[in-house]
Amino acid sequence: MARVSAPVIELVRRTTEPVGAQTLRSTAAAVIAYVVAVWALPHPAPLTAPLTALLVVQVTLYATLTTGIRRVNSVVVGVLIASAFTALVGLNWWSLGLTIFASLIIGRLVRVGEFVPEVAISAMLVLGVSQVASTAWDRVLETLIGAGVGLLFNLLLAPPVWVQPAGASIDGLAREMGGMLRATGADVGRHISVERAADRLHAARRLDHDIVEVDASLRQAEDSLTLNPRVRQGLLYRVVLRTGLDTLEICAVVLRVLSRTLTDLAKARTDETLFPADVAESLTELFGQLADAVESFSELITTPLAENAEEAEAGLADALAVSRATRDRVADLLLEDIQEHPRQWQLHGALLAEIDRILDELDIDKRTERLGKELDRRSAQLHERHPWLRSVSRRLGTGQS
């Protein structure tokens, strides 16, 4: 048996990833649309068909079904505009300008939404190949062929599921937060400048930008799960990831407030350490345990297999139990310290409250409750929008009984 080379194995591995799969899908749809158009139409090189197929084949099946009609409209309108200008004046610099201007204006009038630029793009491309098809009807047929191939392609060969990239983004966010918690724990036992504390605060504020990027990745994953025949329990996956990101977002906000508390302590204690040695040692341990808990929570919500999920849940439970025990010890030490040195006692209380909030947000029982409520809410919304689903479900349930 011949041995497969390492580069070939790497190529196969990459093409199974969502980006590689989508690239192959788009290429295949465009080629098929071109072949069908060549077979069905008398004119050579019907490039409008592969152009339309390329635009219609979206990253997700849900996006294809929800935006495909508007995309087809935008291409058809662009084709008609270009056909009119080709018949009247041909292609030159001023007719190109008029075509683009008219395409952008008419695109807004026919309400193709965010695909207005594609009206002008389609018109320009058709102008460039105006000698290929002699009538507007031929170009419209090419457009419809391309749209049909693109829609059927996604219906018969469902697009890839983008859960893994979204999970990787969530995990990356959790690990970044874990690293910040450990770095904060390393600072509490030493004398740090106000500038260093402020840098920690700015880093915590920058988490907002990371959350926006993770949210965009998760939205793409949610779309890829919606109406995808390859996926069972798509609603459950979407809700698990969405509620998990919501929890991490709350923890990021609390981490920012916690960083502000430590910055205020640094301003008040410019000539000494933030905390006494015994308190600092326990706080360093506690921040490390909080980091472990955040990362365990991320592992739990991004783990697809039931066995691994149970292991991840057990790891999170252990991390939370250890963190709560250390938190109680820190509270006792802080109380003793406040009685001896009552300065900034309110900041000590704020620090404990912020730690409690993180532990509460990561709590397994609270996560289960939030997950159940969100599933019920989304199911109710689905039945309200599509009431026929409820009657079908009841009939199926009666038939099975």
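I started at valine 38, which sits in helix α2 (residues 18-40). The model is predicted, so I kept that in mind throughout.

Next I checked the surface around Val38. I found a nonpolar patch there, formed by Val31, Tyr34, Val35, Val38 and Leu47. Together these residues have about 400 Å² of accessible area.

I then turned to the UniProt record. The entry is unreviewed, and under "transmembrane region" it lists residues 23-41, 47-65 and 77-107. I took the listed stretch 23-41 and looked at its fold in the model. The chain there is 95% helix and 0% strand. The C-alpha atoms at the ends of residues 23-41 are 27 Å apart.

I noted 3 cavities of 30 Å³ or more in the structure. The largest cavity holds about 70 Å³. I listed its lining: Thr184, Asp187, Ile192, Ala197, Arg200, Ser259, Leu262, Thr263 and Leu274. Helix α11 gives the most, with 3 residues.

Technical notes:
Residues are numbered from 1 along each chain as its sequence is written. This is a predicted model: local features need pLDDT of at least 70, side-chain atom pairs count only at pLDDT 80 or more; totals for chains, interfaces and linings use all residues. Side-chain values use heavy atoms; hydrogens and water are left out. Patches are made of residues with over 30% relative accessible area and no salt bridge: like charges are joined within 9 Å, nonpolar side chains (Val, Leu, Ile, Met, Phe, Trp, Tyr) within 5 Å. Accessible areas come from the Shrake-Rupley method with a 1.4 Å probe; for residues, only the protein chains shown count as cover. A salt bridge is a side-chain nitrogen of Lys or Arg within 4 Å of a carboxyl oxygen of Asp or Glu. Helices (H or I, at least four residues) and strands (E, at least two) are DSSP runs, numbered from the N terminus. UniProt positions are given in the numbering used here, feature names are shortened, and annotations may be inferred rather than shown by experiment. On a 1 Å grid over the protein atoms alone, a cavity is a set of points where a 1.4 Å probe fits but cannot get out, and a pocket is an open set with protein on both sides within 12 Å along at least five of seven lines; lining residues have an atom within 4 Å of a point. Grid points are joined across faces, edges and corners, and a volume is the space filled by probe spheres set on the points.
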